[in-house]
Amino acid sequence: MAASVSDAPEAPRAQARGALQGTGGAGTTAGPRAAGPKRLAPEDARNAAREVRRRRLRAFLFVAPLLVFIMFAFVAPIATMLMRSAYNPTVADLVPASLEAIEAWDGEGRPSDDVLTQFAVDLKRLANDRTSGQLAEEINRYLPGTSSVVKSTARGLRRVDDDTLATSGATLLLEANDAWSEPGIWRALRNAGQVYTASYYLTALDLEFARDGSIQQRDTQIYLKLYGKTLWMALIITLLTLILGYPLAFHMAHSSTSRANFLMVFVLLPFWTSLLVRTTSWIALLQTNGVVNSTLIALGLTRDPLELLYTQFSTIIAMTHILLPFMVLPLYSVMRGIDPSYMRAAMSMGSRPIPAFLRIYLPMSLPGLSAGALLVFIISVGYYITPALVGGTDGQMISNIIAFHMQQSNNWELAAALGSLLLLLIVALYWLYDRFIGAGNIKLG
Amino acid sequence: MRGFPEYFTIWHVAGHYALRIVAYLVLAFLIVPILVIIPLSFNAEPFFTFTSGMLALDPDAYSLRWYEEIITDQKWTLAIRNSFVIGIAAAILATVLGTVAAVGLASPWMPFKRMITALLLSPMIVPLIIIAAGMFFFYTGFGLVATYAGLIIAHAALGVPFVIITVTATLAGFDRTLFSAGVSLGGSPVRVFWDIVIPLIRPGVISGGLFAFVTSFDEVVLVLFLAGPQQRTIPRQMFSGLREQINPTILAVATLLVVLSVALLVTLEFLRRRSERLRGSP
Amino acid sequence: MKIHSLALAGALALGAQGATAQDLTVTSFGGAYGAAQKEHMIDPYVAETGTNILFEDYGGGVAEMKAQSESGNIQWDVVDIEVIDLERACSEGYVAVIDHSILPPGDDGTPASEDFIPEALHECGVGNIVWSIIFAHADDAYPEGGPETIADFFDTEAFPGKRGLRKRPQVNMEWALMADGVAPEDVYEALATEEGQQRAFAKLDTIKDDIVWYDSWSQAPVLLNDGGAQMVQSANGRIFAAIQDEGAPFSMVWDSHVYDLDVWAVMEGTDKEDTALDFIKFATRTVPLSGMQDVAYGPTRKSAQALLPEDVKQDLPTAHLDEGLKADGIFWADFGESLGEKFNEWLLQ
């Protein structure tokens, strides 16, 4: 095969063949085997080992280009995200001198005048560079309402000349705003200045650092609830795909090959149809004036249109529709291989169909079932598009809030922390999947 | 009852037919939503539902105006071009890298096979939002955001697992003695590889390439984060349209995409049959 | 025949799209507003200077500007920003400082510094419209008399039906407090406190089950149209356009409207700064500004306001300023993120 495309001409063919045929092969040179196991001569053993190494290297070289590509295109981005969730050097880069000065502060009252003066100098510099807003935003994250304080103070300091600032910077700062005489804003500055911090992870878990450094619950509790909701919805979707997919796969597996292939087309067509097309279909169906509502009203089943779209219901049903092929395909694949004579034997021996099914068929279909279920579950947990388009507020999943922090609230670090936790969850699930099913066993029709 | 075994009772038969009905209902559930938008795309009114005129099959209630929109609106023509350019480029990149790697992975000598396979397949499992955020952070440093190159690389990374799976599958059934036979008959290893291995893995390569193309063609989350206004693709345009102005042009695009899917499906089925024939599997 | 010509046109269109190097990227909010800008500002500029313009849409907020800035890959050249966001964008250096002395005088000769209304000349932007967030309802929704005040919006007993609101805390919080009896001049002071915020959320809770959330202004008139909501919060121009151009049977309520300015700004770091400024100078002249009356947005130059017919003036926010509240950009720069979080939390409950 390809790995051994060009056999090294110098190695004796016989020895190479010996190495190929596995360890402790059938002797070295041609000729009748002596009785009992024969050890390889040291030189032959070395050659064989070298041959093995060469073949390994050759195989690896085939994979190397892709490995390098994936490292750059995929692994490095994920690593960057992980890093971004705990690493934020913005403030440390903006005001290093102030941070160094404030280290000695005990956290009560306000820092010494030296610190204030140093900070005033830094702030003026930022104002002139037009980066004071960045500092303001970071501080604001730890103490909401202070960004305007920082910005207006910076604006005011812009016109002060350097000498005055060096001598009476502290006074000027205190005059600019009362907030500078309170500890709150200085604590926020110090916290914001930490380059490596776990605070984003804490936020992602609805926790925060208390004043004394211990961990406590945050006032706002969003994320744990959202993780829970996401897992719950993923579970329901998995169950639904199972309930719908099992009978279908069963029927297809018990049909003739040509009939099964024909039916397979109807399973594969949605699978191959663009995700957005399928989502669009559900919007068209579930809208207030959409097909479903119009039909229900026309049939007289309801007077006012039902609110079907932009709910948890629409997310679940649309995702069930989209992920159903992922359940049917592995199930079918496994069921196809189940020998029907088992069931026949059981029934001909008098067993009722339902117990026979539960005792015999179901366990045999379990590999396909668990493969499909884990696959659907893992995909559901991380889904973004469908909840974003049809979920409204109620049907949001964790990916949507990650996107929110990336695109709307600008808190990239929090988005990265949330994403890292999600990744951890997925990796755990994937490990389960690989452990019990084997990732290489995915059959794609 | 015809065709049923002796021991089937009336309950068996009832159950059998009930199962059939359920199976067909599920199939309907799968297909109907997709088919429903096709007639809707010909709606003369800018609504997402069947007007009374349409139900009465009044020819005036139908029109091709949304299809005209696709051709006349610069946004859509740009999107169509981008989707194909990026999709084809990403598919080629993924196929080349993936096929070569699959050949290496199929060798029994491959070290760390399980771990490397898991790594190479992981883009399929990691949620797209995470990949998108990470790529945004990382590609930014290389100036790859809002460029064609960045998107092509990103989509190729997504498509590679599919190529590996399909090519590995064709190689799995590959009978190694064929190779030795070819060599022993006097062919050089390269020639044998070319004449015997390549034709056999070709269906796997092509279907993997198609998977990679479709993955890129249909992908929207990465495009949301990595594309600039010039690189908007069809799904990206549809996403905006669904959020901002719900307009049946989207339905027209959707219908065209469905037609494309059908064509793909047919191609794949053809390839699968051919591959089975060539390898003589039952 | 039709199909053949369509196919041919399609092939030609696809083929003819060569790699066009756009000379200037201008980003705004799309919809009827964007269309009016295109008609009165972009197309005349293109006709006069021959510059090629790529007119983009976005949904507001500073995130995309931040992304471009951080990556060093500046995609946009000119951006239309709400003052709420301009505060942040300017202080964080995403948009460039503009020297107002370059602005031409009004058509009546008044120098720019006097012709523009004061809030329109911001450090980083040149105002182009005064616009307002109002709420609207269908004419026939309340035959016994429609809603008149913001308190009516929050009263689902007297005025049953769904309410359409933009999914963000801005404006919703202000409306909640004003509906609860807080005087407009005290609103932002109250919202800066914990109690004020709780009070606003409590008021929003009274209608929470009836709220239909949407993401972009374009969806507001659509919601009213297809019956998704009986009262919708909207940018006044969108509803006005629906009434004027599509004959939609809507009525606007001006009580407690929240008005603000939109400005043209230049992205910091763009290599087309000169062309960008050139465009802004052109687009904020008297005549183009007066064209924004098409979407019932008040022009920011007095000379432009003078050009408007009397009956049109009534539909503009500038005629209703005393009924409304000016949006406070500094407040939202301070509390946008934290209130955004609390809002998200409240949504999930």
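A:Gln118 sits at 26% relative accessibility and so counts as partly exposed. This is a predicted model, and the residue's place in it is helix H5 (residues 113-129) of chain A. A:Gln118 and A:Ala170 are 52 residues apart along the chain, with 8.2 Å separating their C-alpha atoms.

Chain A also brings in the domain layout. Its domain assignment gives domain 1 (10-84), domain 2 (90-195) and domain 3 (225-441). Between the C-alpha centres of domain 2 and domain 3 of chain A there are 53 Å. For chain B, the assignment gives domain 1 (10-61) and domain 2 (75-246), and the C-alpha centres of domain 1 and domain 2 of chain B lie 35 Å apart.

Next come the salt bridges. Side chains of opposite charge can pair when their charged atoms come close. Over all chains, the count comes to 21 salt bridges. In chain A, the side chains of A:Arg84 and A:Glu413 meet in one of these, at 3.6 Å from N to O. A:Arg84 belongs to helix H2 (residues 42-84) of chain A and A:Glu413 to helix H20 (residues 412-436) of chain A, so this pair ties together parts that are 329 residues apart in sequence. Both A:Arg84 and A:Glu413 are buried. The two also take part in a network of salt bridges that links A:Arg84, A:Glu138, A:Arg141 and A:Glu413.

Chain C has a pair that links distant parts of the chain as well. C:Lys272 forms a salt bridge with C:Asp77, and the closest N and O atoms are 3.6 Å apart. The two residues are 195 residues apart: C:Lys272 is in the loop between strand E9 (250-266) and helix H12 (273-283) of chain C, while C:Asp77 is in the loop between helix H3 (63-71) and strand E3 (78-82) of chain C. As for cover, C:Lys272 counts as partly exposed because its relative accessibility is 26%. C:Asp77, at 2% relative accessibility, counts as buried.

Another chain C salt bridge joins C:Lys313 and C:Glu310, where the closest N and O atoms are 3.4 Å apart. These residues are 3 residues apart in helix H15 (residues 310-313) of chain C, so about one helical turn separates them. An α-helix has 3.6 residues a turn, so residues three or four places apart point the same way. C:Lys313 is partly exposed, with a relative accessible area of 26%, whereas C:Glu310 counts as exposed at 59% relative accessibility.

On the surface of chain C, a patch of negative charge gathers C:Glu39, C:Asp245, C:Glu246 and C:Asp294. One of its members, C:Glu246, lies in helix H11 (residues 236-246) of chain C. With a relative accessible area of 63%, C:Glu246 is exposed.

Chain B carries a surface patch of a nonpolar kind. B:Phe84, B:Ile88, B:Ile92, B:Val96, B:Val100 and B:Leu260 form this patch, and together they have about 480 Å² of accessible area. The most comes from helix H4 (residues 74-106) of chain B, which gives 5 residues. B:Leu260 is found in helix H12 (residues 249-279) of chain B, and at 30% relative accessibility B:Leu260 counts as partly exposed.

Back in chain C, helix H7 (residues 172-179) has 8 of its 8 residues buried, so this helix is largely enclosed by the rest of the structure. Among the buried residues of H7(C) are C:Met173, C:Trp175, C:Leu177 and C:Met178. H7(C) is followed by C:Gly181, with a positive phi near 105°.

Most residues other than glycine have a negative phi, and most peptide bonds are trans. C:Val171 has a positive phi near 70° and is a residue other than glycine. Its place is the loop between strand E6 (163-166) and H7 of chain C. C:Val171 is buried, with a relative accessible area of 2%. In chain B, B:Ala146 has a positive phi of about 60° although it is not a glycine. B:Ala146 lies in the loop between helix H6 (128-141) and helix H7 (148-172) of chain B, and is buried, with a relative accessible area of 11%.

Key:
Residues are numbered from 1 along each chain as its sequence is written. Chains are lettered from A and ligands numbered from 1 in the order in which they are written. This is a predicted model: local features need pLDDT of at least 70, side-chain atom pairs count only at pLDDT 80 or more; totals for chains, interfaces and linings use all residues. Side-chain values use heavy atoms; hydrogens and water are left out. Patches are made of residues with over 30% relative accessible area and no salt bridge: like charges are joined within 9 Å, nonpolar side chains (Val, Leu, Ile, Met, Phe, Trp, Tyr) within 5 Å. Accessible areas come from the Shrake-Rupley method with a 1.4 Å probe; for residues, only the protein chains shown count as cover. A salt bridge is a side-chain nitrogen of Lys or Arg within 4 Å of a carboxyl oxygen of Asp or Glu. Lys and Arg count as positive and Asp and Glu as negative; His and the chain ends are not counted. The place of a charge is taken as NZ of Lys, CZ of Arg, CG of Asp or CD of Glu. Helices (H or I, at least four residues) and strands (E, at least two) are DSSP runs, numbered from the N terminus. Buried means under 20% relative accessible area, exposed over 50%, partly exposed in between (1.4 Å probe, protein chains only). Domain bounds come from an automatic or database domain assignment.
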